[in-house]
Amino acid sequence: MIVGFGGVSDQQLPLRKPQLAASRSMAAPAAEPAAEQSATMSIYKAARRIKRRASTLYNALRSVMEDAAFVAEVAALWPALPLAANLRCGLWYAPPRDFAATCYFKSTDGHAGNWSFSTARLNLHLALLAGDKGGCIIVDSTRRGKRFPDSMSKTIPIWCCVLNRAIERYRLRAIQKGRESSDMLNGDAENNSRSSNWDTSVHLPVWVLDTEKNAVEGRIEEWTDQFELCGADIHSLAIKLQKPLRPLWISQRTRIWLNEVPEFISWDFTPIILISASASDAFATQRMSSEFSWQYIPGAGDDEESWARGLTPTLFWKHSYDLLDAGPDHCNQLVADIVEKDRVYHAQRGEHSPQITAKPLKSHDDVKCYDDRTSIMWPVKLDPTDAQCSNNVPLLFWIGTSNLAVSSTLQDALVGVDCILNCDSTSKLPPNSSEKSYLELSIVGSKDDRFSLMKNLSKAVDFAKRNLIAGRKILVCCQNGEDISICVALAIVTLLFDDNGCFDNGNSFMKRDITKLEMRKRLVFICKFAVNARPSRGNLKQVYGFLCNEKERLSHLT
């Protein structure tokens, strides 16, 4: 039995400025303002120094390991349920082999007054997985001193409700049209639909205010309409999900009686168990181990660019014991050695491996901080098998029967690929390639150049058109296979393929209007196959601008 889903009491402690001792005599009144200003600056610097000392790499890794033990305990209560990481923070809280899938629910979609249902991040593969296994467990964390991030408090509950209502609408329409069949409505699903037992209400945690809950409920129908219009495969969801989706919340404050843990198969819903890995302490607390003392950091896995110094979750779990045994004095240097050896290993094989540069940490008082340039070398056990497992194996996703695939940058032999459209200029030219089978475009993210993608899309589409006419299979790759390559594939699919995903050399493109809804439908089509797709809003805007310009240019030619 699970209890204790009470509200969060985020208490803020009042900040008090220490009073300055009157150590100056009245004989020097002119020096007092300067002395007060100097003392104020000293207080500020001291606060910054304390915060910097608490937010060390070793403290972060220790905190991640402690929270990961809690995640493992909860996951062991329902071993049959697959574990999923909410990108990117959730990847730190379990070894890579323990995750059956990843998902991408943003907290910004659940912020108060900014609630939304994103058709660019449908995460339908997660719903299908939950339907197949009877449920799933999602791991995430937050730094903000509250029990759950907004992605778990509101974004995922909204997602569950929208999918439930879309499935109910789909089944009711099928019944009304007399197309009821065993492959679509089987057993429990049929009974639930007819007896109105299919739960379509919004299930939010108790700490969400009633006013906010009412506002969310008032927009569910609108979001369901958007979900249906975007072209999502609701038919597959209706077949897989025998019971409606429903979120459950578990944090380190949750009480669980181990002798009364319920079997998920006995529930009348498909559970989406949300684990918030970190304790909800508002401030770092001192912890002790057998050898070292360290500061606990809530949500340490969040915002890894600011603290990880190039370390990835996979590398961390590969060397977790060595890193924690190194202690706070040698942890930074060991991380630098692991990251550099992993980079060299991949660079020797022509894989993308940028040089990691980390800002050296300053030493404060009795705290010894070694930066990347320290002459002390720490032994690292990194053999070829370790290096091969240091990063997640890049997957290649074929987009239906379109002869188009997307992936992260690959340079090894690719089975079934005739030509490569490389959107990552940092990788090397593959051997035995020619101008007809290989095109390299220097495309950077929208944060670095707002028009980089748009300026290169014309070349990408022309390259794809020539090879698709010749019947060749094309791989579109970028550094991570999640953003730029997805947007390039989106432009190609929209321009050169019809509504059924068949290549027509752009004939249907001239006959239809280019709207954001039409582009969204094709993005959903791509995401159905490329489940790791995470296109940024800035790059999607560039694709839409390019398509509008192409439509106008082609209309003038006819």
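**Basis**

I am working with a predicted model, in which local features need pLDDT of at least 70 and side-chain atom pairs count only at pLDDT 80 or more, whereas totals for chains, interfaces and linings use all residues. Residues are numbered from 1 along each chain as its sequence is written, and side-chain values use heavy atoms, with hydrogens and water left out.

**The whole protein**

I looked up the secondary structure and found 16 helices and 14 strands; helices (H or I, at least four residues) and strands (E, at least two) are DSSP runs, numbered from the N terminus. Of the 558 residues in the protein, 47% are buried, where buried stands for under 20% relative accessible area, exposed for over 50% and partly exposed for what lies in between (1.4 Å probe, protein chains only). The accessible surface comes to about 28500 Å², and carbon and sulfur atoms hold 51% of that area; the areas come from the Shrake-Rupley method with a 1.4 Å probe, and for residues only the protein chains shown count as cover. Among contacts in the protein with a separation of 6 or more, 75% are between residues 24 or more positions apart, a contact being heavy atoms within 4.5 Å.

Two packed helices are described by the angle between their axes and the distance between the axes. I noted that the axes are lines fitted to C-alpha atoms, for helices over the stretch in contact, with angles running from 0 to 180 degrees between N-to-C directions.

I began with helix α12 (residues 452–469) and helix α16 (residues 537–557), whose axes come within 9 Å and cross at roughly 55°. The pair α12 and α16 is therefore oblique, given that angles under 35 degrees count as roughly parallel, over 145 as roughly antiparallel, 65 to 115 as roughly perpendicular and the rest as oblique. The crossing of α12 and α16 is right-handed; a crossing has that hand if the near helix is turned clockwise from the far one by less than a right angle, and is left-handed if anticlockwise. On the α12 side the contact is made by Ser-452, Leu-453, Met-454, Leu-457, Ser-458 and Val-461, and on the α16 side by Asn-539, Gln-542, Val-543, Gly-545, Phe-546 and Asn-549. I count these residues as 6 nonpolar, 6 polar and no charged, with Ala, Val, Leu, Ile, Met, Phe, Trp, Tyr, Cys and Pro as nonpolar, Asp, Glu, Lys and Arg as charged, and the others, Gly among them, as polar.

I then took helix α15 (residues 516–529), whose axis comes within 11 Å of that of α16 and crosses it at roughly 120°. The helices α15 and α16 are therefore oblique to each other, and their crossing is right-handed. Here Lys-516, Met-519, Arg-520 and Leu-523 of α15 meet Leu-540, Val-543, Tyr-544 and Leu-547 of α16, a set of 6 nonpolar, no polar and 2 charged residues.

**Backbone details**

Which residues does the cis peptide bond with omega of about -5° join? I found that it joins Leu-87 and Arg-88, and that Arg-88 lies in the loop between β2 (83–86) and β3 (99–103).

Asn-123 has a positive phi of about 55° although it is not a glycine; Asn-123 sits in the loop between β3 and α3 (124–133) and is buried, at a relative accessible area of 8%. Asp-303 likewise has a positive phi, near 55°, in a residue other than glycine; Asp-303 belongs to the loop between β9 (293–296) and α9 (313–318) and is partly exposed at 41% relative accessibility.

**Single residues**

Is Thr-200 buried or exposed? In the loop between α5 (188–194) and α6 (210–217), Thr-200 counts as buried, because its relative accessibility is 19%. Not counting residues up to four places away in sequence, Thr-200 touches Cys-161, Asn-164, Arg-165 and Glu-168.

Arg-246, in strand β5 (residues 245–250), is partly exposed with a relative accessible area of 29%. Leaving aside neighbours within four places in sequence, Arg-246 is in contact with His-203, Phe-269, Thr-270, Pro-271 and Ile-272; the C-alpha atoms of Arg-246 and Phe-269, 23 residues apart along the chain, are separated by 6.3 Å.
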